[in-house]
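Please read them with the structure open beside you.

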Amino acid sequence: MGSEARDQERPAGAVTREEELEILLHITEKINAGLMLEEVMNFTYDALKQTLPYDRIGFSLIENDGKELRARWARSEASEMKIAKDYVAPMQGSSLEGILRTGQPRILNDLAAYLKDHPSSDATKRIVEEGMRSSLTCPLIALGKPIGFIFFSSTKPNTYRDVHVRLFQEIAGQLAMTAEKSRLYEQLVELNDVKNKFLGIAVHDLRSPLGVIKGYADLMAEGVLGEISPVQREPLQAIIRHCRKMMGLINDLLDVSTIESGHLELRFRDIDLRDYLQEIHRSSSLLAQAKSIEVVLEVPSDLPAVPIDPDRIDQVINNLITNAIKFSNPRTRIVLKAARAGEVVAISVEDQGQGIPAAELSQLFTFFGKTTVRSTGGEPSTGLGLAIAKRMVEAHQGTIRAESQAGKGSTFTFTLPISRETGAARGPDQL
């Protein structure tokens, strides 16, 4: 007998163990790869459609200390869903409590008849109105604890009369773990949002009084508020110096808060890179003179104009040059280069500093990531600059990398596209 004849003799919904294992393997792979419940459930719905009988799947979780059941996902072949996401039903007194007590699936082969016997069941009424005539309900158990239900429904009565319930239970078991992963992930996202809001508020509240302190200290140092003696001037200059360092840290933290919250905004303009880099070179050369370090600019005359947010890219380049100065010895050179490379412009900062151990390169672009290399002049570092630079470059659709050899210096290179699509400015959640 051929395979087509065997398939015709197989009852609707009948699945071989080999097919069961294949289904579970596909679902398990998707569950392990994904975190979001909706993504996994949509995959499950499509993956099972050719093998198991259903016209609707609903996924609900127990909430509010076991008092409520909330629909977290649903998909149906009906033209209009009567129970959609966020539909809430009370658990107390419902027939679902009995399913939790036994831990076993429930099959209703005639939903219309069940509704006649249970006319107060709003959920059953809605499902019947949607056109469903039979259902199979499996409890979701995660780590030995009931967390919700998955509902398979069909527009035909008696659909689940002869099915292998074991497969539905195994699918429910896999999806219960997905629900727990998704719930934990959502909690982490919420906590991260709270952290970002708190960080933004705290940093803003710190910046205002610190700005007032520095403003008065500047006025005093300039003699606007009266003559300052030499004994008073030294601690006053220390106050100003530390205020400046704190303002730098606060600005970095504000950037972190903006990036992490997904609210980084870019104001693109077409910029003549040659003129732009010449201006950066002039200002950084003055900074490098304090350590007797020479900053050299190497750019061709035919650099194309590029669409960038000049303030943000200035922040990137200044961070790279400042770091190069910070970790270089006196009487060495730093080279700022730019060149076209296909459809991008590559900008690099090359120093003759101490270099970075190969094992530590991966730490460079992480928040608060620091290496064992110490600045040559005792300059402080927050470990935020390169992480911020990376996000700024990626928001421009570019890339950034570091090459280094201990004792021979480092080269940091980032790219900027010569053209960009409309709406190409992106937040960190899209990078």
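1. Leaving aside neighbours within four places in sequence, L115 is in contact with S121, T124, K125 and V128. L115 itself belongs to helix α5, which covers residues 111-117, and its C-alpha lies 6.6 Å from that of K125, a residue 10 positions away in sequence. Is L115 buried or exposed? L115 counts as buried because its relative accessibility is 18%, and the cut-off for that class is under 20%.

2. This is a predicted model, and a word on confidence is in order before going further. The average pLDDT of the chain is 82, and 85% of the residues score at least 70. Over residues 1-13, however, the pLDDT is below 50, and this stretch has 7 contacts in the model beyond near neighbours in sequence. Residues 422-431 also stay under 50 in pLDDT, and for them the model has 20 contacts beyond four places in sequence. Where pLDDT is low, the predicted coordinates should not be read in detail.

3. As for the overall make-up, the chain has 11 helices and 13 strands, and 41% of its 431 residues are buried. Among the contacts with a separation of 6 or more, 67% are between residues 24 or more positions apart.

4. M41, in helix α3 (residues 37-48), counts as buried because its relative accessibility is 0%. Beyond its neighbours within four places in sequence, M41 is in contact with I57, F59, W73, I150 and L175.

5. A179 is found in helix α7, residues 165-221, and is buried, with a relative accessible area of 2%. Not counting residues up to four places away in sequence, A179 touches L37, F59, L61 and I147. One of these, L61, is 118 residues from A179 in sequence, while the C-alpha to C-alpha distance is 8.3 Å. F59 is listed among the contacts of M41 and also among those of A179.

6. Which residues make the contact between helices α9 and α10? Helix α9 (residues 273-289) and helix α10 (residues 310-326) pack at an angle of about 35 degrees, with their axes 11 Å apart, and their crossing is right-handed. On the α9 side the contact is made by Y276, L277, I280, S284, L287 and A288, and on the α10 side by P310, I313, D314, I317, N318, I321, T322 and I325. By class, this contact comprises 10 nonpolar, 3 polar and 1 charged residues.

7. Helix α10 also packs with helix α11 (residues 385-395), at an angle of about 145 degrees and with 9 Å between the axes; here the crossing is left-handed. From α10 the contact takes in R312, Q315, V316, N319, L320 and N323, and from α11 it takes in G385, L386, I388, A389, M392 and V393. Sorted by class, the contact of α10 with α11 has 7 nonpolar, 4 polar and 1 charged residues.

8. Two backbone positions deserve a look. Most residues other than glycine have a negative phi. D65, which is not a glycine, has a positive phi of about 55 degrees, and its place is in the loop between β1 (56-63) and β2 (68-76). D65 counts as exposed because its relative accessibility is 77%, where the class requires over 50%. S292 likewise has a positive phi, near 55 degrees, and lies in the loop between α9 and β8 (294-298). With a relative accessible area of 44%, S292 is partly exposed.

9. Finally, a point on cysteines. How many disulfides does the model have? The count comes to 0, under a rule that asks for a pair of cysteine sulfur atoms within 2.5 Å. C138 is buried, with a relative accessible area of 1%, and C243 is buried as well, at 5%.

Key:
Residues numbered from 1 in each chain as written. Predicted model: local features only at pLDDT ≥ 70, side-chain atom pairs only at ≥ 80, totals over all residues. Heavy atoms only, no water. Axes fitted to C-alpha atoms, helices over the stretch in contact; angles between N-to-C directions. Helix = DSSP H or I, 4+ residues; strand = E, 2+ residues; numbered from the N terminus. Left-handed = near helix turned anticlockwise from the far one by under 90°. Contact = heavy atoms within 4.5 Å. Nonpolar A, V, L, I, M, F, W, Y, C, P; charged D, E, K, R; others polar. pLDDT = per-residue confidence, 0-100. Buried < 20%, exposed > 50% of the residue type's maximum accessible area, 1.4 Å probe, protein only.
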